[in-house]
Every structure is written in C-alpha cells, then in structure tokens.
Amino acid sequence: GEMKIMWPAAIILEFFVVEKLSTMLAFRIVSPQDKPIFITLAISSMIVCLMCPMMSFVAVVLFKNAFGPQLIAVWIQTTIINFPMAFFWQLFAAGPLVRTIFGKIFK
C-alpha cells in the first residue's frame, strides 16, 4: 500500500526538483569532456544524495507518525539507514538496468 503513495511522490520530486539540481551538482565534479561513464555515475550519485533524504522525509511524515520533537531525529536515522541501499541499488542494479532497457528501446 505504501507504494501507491511513495511512487508518485518520487516521480514528482525527481521531475520537478532533483533532475536539474542533480545535473548541476554533478557538473561541479565532472566536466562535459570527461568519459560518459563518469558523468553518468556523478549524476546518479547526486540523484541518490538528493532523493534519499527527500523520500525518507516523506516516509517518516506519512508512515512513522514521528511528529513533534522527534521528527528530525527519526528523519536523519531513516536517511542514514536507507542511504547505503539506495546508493548501491542505483549504481549497480536499477541504474544500469534502466539504461540498458531504454538504450534498446530508444536507439
């Protein structure tokens, strides 16, 4: 049931907040002349660095009922717990899979 709420939240945040910001931040680390894989990894890393705290906050507010003084502490704890999985999932599983699928569809 949580996916019905989290999936649209993730799409809205990605398209309207994170997409341009992550690209801008990534190009502070890499340059357009770098190898495409380094650019891809930099952008993917920045997406995780932005999306993980945002989605963790949404999850804490909607599902953990952590309002009041413990909200920030629970949010930080949730982000720290989620970040390693989000980072490695994006870099080694979901990211390559999606790029492969879209590469084959949109040659």
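1. Let me start with one side chain in this predicted model. F87 has a relative accessibility of 21%, so F87 counts as partly exposed; the cut-off for buried is under 20%.

2. How are the rings of F83 and F87 arranged? They form a stacked aromatic pair, with 5.9 Å from centre to centre and 20 degrees between the planes. Both residues sit in helix α3 (residues 71-105), and because they are four residues apart there, about one helical turn separates them.

3. Helix α3 holds another pair worth a look. F88 and F92 are also four residues apart, about one turn of the helix. Their ring centres lie 5.8 Å apart with the planes at 10 degrees, so this pair is stacked too. F88 is partly exposed at 46% relative accessibility, whereas F92 is exposed, with a relative accessible area of 61%.

4. Do have a look at these four rings together on your screen. Ring pairs link F83, F87, F88 and F92 into a cluster. The total for the model is five aromatic pairs.

5. Now to the overall fold. The protein chain has three helices and zero strands, giving the pattern α-α-α along the sequence. The C-alpha trace spans about 45 × 30 × 25 Å along its principal axes. Among contacts with a separation of 6 or more, 58% join residues 24 or more positions apart.

6. Which residues make up the largest nonpolar core? There are nine: M6, A9, L13, V18, I47, L50, M51, M55 and A59. Helices α1 (3-26) and α2 (36-63) are the elements that each supply two or more of these residues, and α2 gives the most, with five.

7. Leaving aside residues up to four places away in sequence, M55 touches M6, A9, A10 and L13.

8. Finally, the surface and the charges. Of the 107 residues in the protein chain, 27% count as buried. The accessible surface comes to about 7600 Å², and 75% of that area belongs to carbon and sulfur atoms. As for charge, there are 8 positive and 4 negative side chains, and the centres of the two sets lie 6 Å apart.

How values were computed:
Residues are numbered from 1 along each chain as its sequence is written. This is a predicted model: local features need pLDDT of at least 70, side-chain atom pairs count only at pLDDT 80 or more; totals for chains, interfaces and linings use all residues. Side-chain values use heavy atoms; hydrogens and water are left out. A nonpolar core is a set of buried Ala, Val, Leu, Ile, Met, Phe, Trp, Tyr and Cys residues joined through side-chain atoms within 4.5 Å. Buried means under 20% relative accessible area, exposed over 50%, partly exposed in between (1.4 Å probe, protein chains only). Contact means heavy atoms within 4.5 Å. Accessible areas come from the Shrake-Rupley method with a 1.4 Å probe; for residues, only the protein chains shown count as cover. Lys and Arg count as positive and Asp and Glu as negative; His and the chain ends are not counted. The place of a charge is taken as NZ of Lys, CZ of Arg, CG of Asp or CD of Glu. Rings of Phe, Tyr and Trp (its six-membered ring) pair if their centres lie within 6.5 Å; planes under 30 degrees apart count as stacked, over 60 as edge-to-face and the rest as tilted.
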